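I opened this entry to record what I looked up in one model. The notes follow in the order in which I made them.

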Amino acid sequence: RGEMDGQAAGQVAEDWLVLVAAILSERARLGLTDRECMRQEVLARLCVRPQSHSQLTESICRRWHEHDRFEAVLLEVADYEPPKSDRMEQGKYRLKAELAGQYDASLIHVLVRSFNHGDYEAALDQARAAAGKKDGGGGGGAAGGGGGE
């Protein structure tokens with residue numbers, strides 16, 4: 001029974017931290033335009049791993065992916081990679097190399113609010129790898145876990 005109480009306390013603490021991060025992320029968006037908010041969301045998704053168009057539109061709120069500037073913002077922050085084979089693969093959008101590692105602090109809040117722990121860790125690994133490349137060190141990216149809202 002004591003082990004179960006410890007697990008429950010851990011889950012409550014984690015849920016509390018996610019709530020605090022969500023409040024901070026919304027506060028960090030005060031004064032931002034729709035375009036800037038949309039850009040933050042797309043950057044946050046792509047800093048985890050490359051994603052297809054449908055994966056992106058499923059993972060961000062409808063308000064953004066139905067926005068008339070969504071495609072322009074997507075092309076501003078991502079490079080499209082066509083499918084590597086003729087099989088039923090989809091092309092992927094990859095975060096532009098010049099944006100890797102340039103994450104605003106508020107993106108971390110978006111990540112905490114929106115993703116599971118594995119995606120959060122993958123995004124941090126991607127940022128560390130990008131920082132290592134800038135400093136002249138090697139280092140590859142990490143694969144992300146599942147996700148979604």
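I began with burial: 31% of the 149 residues in the protein chain are buried, where buried means under 20% relative accessible area with a 1.4 Å probe, protein chains only. The model is predicted, so local features need pLDDT of at least 70 and side-chain atom pairs count only at pLDDT 80 or more, whereas totals for chains, interfaces and linings use all residues. Residues are numbered from 1 along each chain as its sequence is written, and side-chain values use heavy atoms, with hydrogens and water left out.

I then listed the secondary structure. The protein chain has 7 helices and 2 strands, taken as DSSP runs (helices H or I, at least four residues; strands E, at least two) and numbered from the N terminus. Their order from the N terminus is α-α-α-α-α-β-β-α-α.

The axes of helix α2 (residues 34–46) and helix α5 (residues 70–77) come within 10 Å and cross at roughly 50 degrees; axes are lines fitted to C-alpha atoms over the stretch in contact, with angles from 0 to 180 degrees between N-to-C directions. I looked up which residues meet: Arg35, Met38, Arg39, Val42, Leu43 and Leu46 in α2 are in contact with Phe70, Val73, Leu74, Glu76 and Val77 in α5, contact being heavy atoms within 4.5 Å.

Finally I checked two cysteines. Cys37 is buried at a relative accessible area of 8%, and Cys47 is buried at 3%. My search of the whole structure found 0 disulfides, a disulfide being a pair of cysteine sulfur atoms within 2.5 Å.

Methods. Buried means under 20% relative accessible area, exposed over 50%, partly exposed in between (1.4 Å probe, protein chains only).
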